[in-house]
Amino acid sequence: MTRGKKMGRFTLCILYFFLIIGISGAHAADDTIKLGVPIPMSGSTATYGKDLERSTILAIEEINSKGGLLGKNIEIIFADTGCDPQMATMAASMLVSKGVIGVVGGFCSGATLPTMKIFGDANIPYVISLANSSSLIPANPGNCFQSNGTSEHQAEAAVNLFTKLKAKRIALIHQGDGFSKTLAETTKKQWEDLGNSVAAFEMVTPGEQDHSSLVTAIRKIKPDFIYWTAYYGDGSAVIKQLRQGGIRADICVADGSNSVKLIELAGKSAEGVYCTSNPLVELLPASKKFIASYKKKFEVSPGMCSGLQYDAISLMADAIKRTGSLDGDGIIKSLGETKAFKGITAEIGFKEDNTLIKSNLVILQVKNAKWTLVE
């Protein structure tokens with residue numbers, strides 16, 4: 001390949017990585033308020049990214065139709081993180097260079113982590129809508145707010161479920177990334193602190209197709225409960241092969257797997273599977289208007305990410321309104337003072353470490369090929 005062709009391909013990649021969409025128009029005026037939205041728009045988690053993109057557009061159009069904020073319309077700049085730390089770092093730097101005054105997004109914790117310092121150094125308030133690893137907490141420069149339940153919240157929900165179903169020996173399976181490994185480790189600690197045993201702590205390589213060695217190991221230790229802490233793409237194959245291998249232990253997945261895609265891909269093997277999940281809009285009475293608007297505009301149903309991103313955008317807008325200016329310190333202060341913001345998914349309030357005062361996690365279960373809320 002010639003040097004010219006290489007440079008051309010590199011340029012195309014950069015353009016693809018940084019897909020920028022201005023809701024107010026391609027040549028937005030200087031009197032708009034710029035918000036950055038770093039989300040995965042390519043790669044294996046792009047389906048989630050599309051959901052985040054749509055709910056962002058819906059929220060911003062609603063705000064702008066009511067006069068915007070501080071007399072100005074909001075302009076959104078989307079940046080593709082690809083759920084990759086390197087891409088996310090480039091995306092964050094691009095958003096800073098574009099002059100965004102706030103950021104709302106963040107899906108994969110591993111990709112979100114390196115961006116926190118970039119936005120912190122620029123004094124830009126960041127509402128992290130999905131990424132929820134507890135590893136983000138010590139890395140927080142003070143400008144970032146996790147509006148989704150953390151690994152601690154999710155581990156607590158999982159441990160409560162194990163206890164309720166009288167499990168004694170559990171198996172934890174992760175994929176070594178910032179989100180799934182941290183959640184598995186946190187769950188292990190909480191479970192063992194109660195005097196229980198973890199029979200297996202296994203890692204599956206992302207993209208791996210043959211899980212026969214894992215099935216053999218799980219069959220040998222005979223756990224009561226299996227907790228998959230990673231994403232649905234590989235999780236569906238793991239669940240299917242565990243069931244095909246004759247393993248009948250209860251299975252729970254984490255919120256990275258609470259997609260209908262898990263049910264579609266795992267088929268009958270998904271029946272009865274539990275999930276420690278963020279609130280899904282289709283199961284929430286407060287989300288009826290949002291669902292109707294989403295379906296009308298995009299002609300598809302909202303996905304598992306939609307409610308959290310919609311609430312995070314609404315929260316950022318509320319903080320700007322309360323601040324009365326676009327001052328970074330002021331918006332960060334207003335976000336930190338949030339104690340009872342009423343979203344469509346939950347009531348949002350922050351502790352001193354900028355994580356939720358109250359967990360938003362719920363327990364779901366697959367019944368008749370659908371996610372249902374466990375009371």
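This is a predicted model: local features need pLDDT of at least 70, side-chain atom pairs count only at pLDDT 80 or more; totals for chains, interfaces and linings use all residues.

Visitor: Where is Ala 340 placed in the secondary structure?

Guide: Ala 340 sits in the loop that runs between H12 and strand S11, the latter covering 341-342.

Visitor: Which residues does Ala 340 contact, leaving aside its neighbours within four places in sequence?

Guide: Ala 340 is in contact with Glu 347, Ile 348 and Gly 349 once those neighbours are set aside. A C-alpha distance can be read alongside such a list. Ala 340 and Phe 350 are ten residues apart in sequence, and their C-alpha atoms are 8.6 Å apart.

Visitor: H12 was mentioned. Which residues does helix H12 cover, and where is Asp 329?

Guide: Helix H12 covers residues 328-336, and Asp 329 is in it. Asp 329 has 48% relative accessibility and therefore counts as partly exposed.

Visitor: How far apart are Asp 329 and Asn 123, in sequence and in space?

Guide: Sequence separation and spatial distance are read as two separate values. Asp 329 and Asn 123 are 206 residues apart in sequence, with 7.1 Å between their C-alpha atoms. Asn 123 belongs to the loop between helix H4 (109-121) and strand S4 (126-128). Asn 123 is partly exposed, because its relative accessibility is 32%.

Visitor: What should I look for in the backbone angles of Asn 123?

Guide: Asn 123 is not a glycine, yet its phi is positive, at about 60°. Lys 222 is another non-glycine residue with a positive phi, near 50°. Lys 222 lies in the loop between helix H7 (212-221) and strand S8 (225-228).

Visitor: Is Lys 222 buried or exposed?

Guide: Lys 222 counts as exposed because its relative accessibility is 65%, and the exposed class starts over 50%.

Visitor: Now a residue on the other side of the cut-off. Is Ile 263 buried or exposed?

Guide: Ile 263 is buried, because its relative accessible area is 9%, which is under the 20% limit. Ile 263 lies in helix H9, residues 260-266. Not counting residues up to four places away in sequence, Ile 263 touches Ala 270, Val 366, Ala 369, Lys 370 and Trp 371. As for distance, Ile 263 and Ala 46 are 217 residues apart in sequence and 18 Å apart between C-alpha atoms.

Visitor: Which strand holds Thr 372?

Guide: Thr 372 lies in strand S14, residues 370-373. With a relative accessible area of 24%, Thr 372 is partly exposed. Beyond its neighbours within four places in sequence, Thr 372 has contacts that include Leu 283, Ile 363 and Leu 364. Thr 372 and Ser 97 are 275 residues apart along the chain, and 44 Å separates their C-alpha atoms.

Visitor: What does the radius of gyration say about the protein chain?

Guide: This value is compared with what a compact globule would give. For 375 residues that would be near 21 Å, and the protein chain has 21 Å, so the two agree. The C-alpha trace spans about 65 × 60 × 40 Å along its principal axes.

Visitor: What remains to be read from the surface and the charges?

Guide: The accessible surface of the protein chain is about 16,300 Å², and carbon and sulfur atoms account for 54% of it. There are 40 positive and 36 negative side chains, and the centres of these two sets are 5 Å apart.

Note on methods: Residues are numbered from 1 along each chain as its sequence is written. Side-chain values use heavy atoms; hydrogens and water are left out. The radius of gyration is taken over C-alpha atoms; the globule rule is 2.2 Å times the number of residues to the power 0.38. Accessible areas come from the Shrake-Rupley method with a 1.4 Å probe; for residues, only the protein chains shown count as cover. Lys and Arg count as positive and Asp and Glu as negative; His and the chain ends are not counted. The place of a charge is taken as NZ of Lys, CZ of Arg, CG of Asp or CD of Glu. Helices (H or I, at least four residues) and strands (E, at least two) are DSSP runs, numbered from the N terminus. Buried means under 20% relative accessible area, exposed over 50%, partly exposed in between (1.4 Å probe, protein chains only). Contact means heavy atoms within 4.5 Å.
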